[in-house]
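Work through the exercises below with the structure open beside you. Try each task before you read its solution.

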Amino acid sequence: MKLVHRPWRLAAEAFALLAAVVVAFPLYWMVLSAFKPAGEIQSDTPRPWTLAPSLDSFRRVFQQEEFGRYFLNSLFVAGSVVVLSALIAFLAATAVTRFKFRFRTTLLIMFLVAQMVPVEALTIPLFFQMRDFGLLNTLGALILPHLAFSLPFAIWMLRGFVKAVPEALEEAALIDGASRTRFLWQILFPLVFPGLVATSVFSFISTWNDFLFAKSFIISDTSQSTLPMALLLFFKPEENDWGGIMAASTVMTVPVLVFFVLVQRRLVSGLGGAVKD
Amino acid sequence: MTQTLTAPATPPVRKGGGGARPPRSGSRRPGWTPWLYLAPALVVLAGLLVYPVYQLGLISVLEYTQAQVSGGEPTSFQGLGNYRQLFTDPQFWQVLTATVVFAALCVLSTLFVGCAFAVLLTRIRALPRLALLIASLGAWATPAITGSTVWMFLFDADFGPVNRLLGLGDFSWTYGRYSAFALVLLEVVWCSFPFVMVTVYAGIRAVPTEVLEAASLDGASQWRVWRSVLAPMLRPILLVVTIQSVIWDFKIFTQIYVMTDGGGIAGQNLVLNVYAYQQAFASSEYSLGAAIGVVMLLILLAVTLVYLRLMRRQGEEL
């Protein structure tokens with residue numbers, strides 16, 4: 001980078017900062033609006049600051065019946081999918097990278113093809129399937145499909161991480177008398193863990209963000225609803241309650257942001273590892 | 001160079017490895033072990049992915065409306081009747097065209113912004129880089145539904161700051177067809193460029209600096225370096241992000257559904273996914289919805305096959 005001329009670099013940095021401001025602006029505006037008093041939100045001259053921050057909007061959100069429950073439901077669904085898909089994908093990725101067997105390539109191609117399946121198109125058959133399983137209106141109707149949809153990508157991505165662990169390590173462990181199971185959980189698993197974290201970001205986000213299944217499979221029992229449904233309650237035909245929408249959006253975005261911040265280092269290096277492979 | 005980027009599994013020489021070692025420790029006698037490891041994944045995928053796909057195809061050739069769902073009437077086989085109905089409906093073709101054009105614009109814009117910012121990240125010092133990275137990660141992390149609500153609010157005719165800033169008065173972005181699509185496009189680019197940026201940035205950093213320095217010393221311009229050095233080296237990564245973007249943007253649902261309130265005025269902003277959903281769950285035309293789903297499935301399958309071919313041609317090892 002020392003080859004880049006100084007004025008050029010300064011211009012590039014100024015542009016980058018400007019871009020950062022533009023990219024961050026929607027999130028800033030969301031949080032700001034969540035804290036604005038009602039009068040400032042319904043205003044013809046919106047200001048990019050507020051002198052009288054208020055918790056009214058948040059109060060409305062949390063006083064809405066069962067909002068806390070929706071939040072926990074969302075957390076439970078996303079958490080279950082993350083843990084289950086990480087474990088299952090780890091086993092599968094190990095199988096397709098550490099062994100040579102018939103149909104291995106076929107399976108890999110199938111995992112790739114499975115990623116392309118438009119989840120939304122399957123809402124119709126899944127709806128009837130969940131009805132037949134007796135899972136409609138339960139969180140299971142959200143966990144199971146999301147587990148299935150997050151697996152192919154997770155396996156595909158974990159492959160690179162499992163591959164990166166030297167074969168010599170496995171041989172050494174086996175020679176030292178470790179069983180295959182022991183090698184799998186006590187040696188391979190901790191080594192692949194950063195990859196699992198990077199992968200779980202994707203399954204967490206896709207599950208947490210889910211709107212369609214939450215809307216279609218939880219129809220009559222609102223105690224099983226998840227956050228997106230709570231958010232939609234603030235859209236009203238006469239006048240949208242923007243303060244409530246922004247506060248609920250903030251509450252829904254924050255856990256993902258926290259999760260992202262916690263894993264971002266691993267995410268960046270993890271993606272590098274996955275795509276380089 | 002492409003080889004070392006794509007297939008590090010087969011380097012010619014391995015550190016500390018004797019030449020006579022068998023290639024894979026597991027390859028001697030894997031037996032049932034790999035299948036045992038694969039079993040949970042296969043069970044889940046068979047039950048919740050393969051079977052629903054089969055069911056989707058089945059429903060699409062049956063007559064399946066509210067009467068059949070509630071069990072009042074027996075289902076009857078329609079053959080390709082649903083497809084005939086679909087293909088003779090001008091709205092279907094209009095929605096299909098809109099979906100393809102919209103997805104293409106989203107992909108191109110996302111790739112352009114993502115790649116430009118990735119290159120930008122390599123040219124600047126740590127502080128501005130961190131600022132741009134954090135802002136982008138924030139956009140990336142934002143759930144599609146909250147992203148949609150926030151952008152709606154930003155562009156709101158009455159209370160949004162954007163119209164004030166641009167002096168547009170109470171212009172309604174969601175009223176006109178193209179302005180509504182433009183608004184959704186902006187949101188989609190905002191929330192999907194970070195994936196491209198971070199991935200391409202990681203890829204550029206993996207390119208040895210000597211190569212770039214040599215190019216600069218030879219007097220190559222920025223654009224020239226990107227065109228002739230970086231882009232060819234990053235081809236595998238660019239392929240991955242392109243295909244991922246195509247798939248994501250073609251299947252777009254939440255943004256359109258939330259921002260245009262279920263497909264816009266008189267369905268002017270419908271894309272295939274929303275169209276299928278509306279047919280099935282709003283009009284109880286489950287078979288028509290399923291037929292649209294099958295069409296989407298086939299289009300995405302074609303994209304996947306192209307992807308696989310390109311990957312094979314690059315000699316990437318599965």
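This is a predicted model: local features need pLDDT of at least 70, side-chain atom pairs count only at pLDDT 80 or more; totals for chains, interfaces and linings use all residues.

**Exercise 1. The make-up of chain B**

Task: State how many helices and strands chain B has, and what share of its residues is buried.

Solution: 
- Step 1. Count the elements. Chain B holds 15 helices and 2 strands.
- Step 2. Turn to burial. Of the 318 residues in chain B, 42% are buried.
- Step 3. Look at the contacts in chain B with a separation of 6 or more. Residues 24 or more positions apart make up 69% of them.

**Exercise 2. Two domains in chain B**

Task: Find the domains of chain B and describe the side of domain 1 that touches domain 2.

Solution: 
- Step 1. Domain 1 of chain B takes in 51-88 + 285-318, and domain 2 takes in 90-284.
- Step 2. Take the C-alpha centres of these two domains. They are 27 Å apart.
- Step 3. Count the touching residues. In chain B, 17 residues of domain 1 contact 17 residues of domain 2.
- Step 4. Ask which helices supply the domain 1 side. Helix 4 (81-87) and helix 15 (286-313) of chain B each give at least two residues. Helix 15 of chain B gives the most, with 10 residues.
- Step 5. Sort the residues of this side by class. There are 10 nonpolar, 5 polar and 2 charged.

**Exercise 3. Where the chains meet**

Task: Describe the contact between chain A and chain B.

Solution: 
- Step 1. Count both sides. Chain A brings 87 residues and chain B brings 83.
- Step 2. Sort the chain A side by class. It has 61 nonpolar, 14 polar and 12 charged residues.

**Exercise 4. One leucine**

Task: Decide whether Leu238(B) is buried or exposed.

Solution: 
- Step 1. Locate the residue. Leu238(B) sits in helix 12 (residues 235-250) of chain B.
- Step 2. Recall the cut-off. A residue is buried if 20 or more other C-beta atoms lie within 10 Å of its own.
- Step 3. Apply the cut-off. Leu238(B) has 21 C-beta neighbours inside 10 Å, so Leu238(B) is buried.
- Step 4. Leu238(B) and Ala139(B) are 99 residues apart along the chain, and their C-alpha atoms are 21 Å apart.

**Exercise 5. An annotated span in each chain**

Solution: 
- Step 1. Describe the chain A span. Residues 71-263 are 77% helix and 0% strand, with end C-alpha atoms 22 Å apart.
- Step 2. Describe the chain B span. Residues 96-307 are 79% helix and 0% strand, and the end C-alpha atoms lie 22 Å apart.

Methods:
Residues are numbered from 1 along each chain as its sequence is written. Chains are lettered from A and ligands numbered from 1 in the order in which they are written. Domain bounds come from an automatic or database domain assignment. Two residues are in contact if their C-beta atoms, placed from the backbone, lie within 7 Å. Helices (H or I, at least four residues) and strands (E, at least two) are DSSP runs, numbered from the N terminus. Ala, Val, Leu, Ile, Met, Phe, Trp, Tyr, Cys and Pro count as nonpolar, Asp, Glu, Lys and Arg as charged, and the others, Gly among them, as polar. A residue is buried if 20 or more other C-beta atoms lie within 10 Å of its own, exposed if 12 or fewer, and partly exposed in between; C-beta atoms are placed from the backbone.
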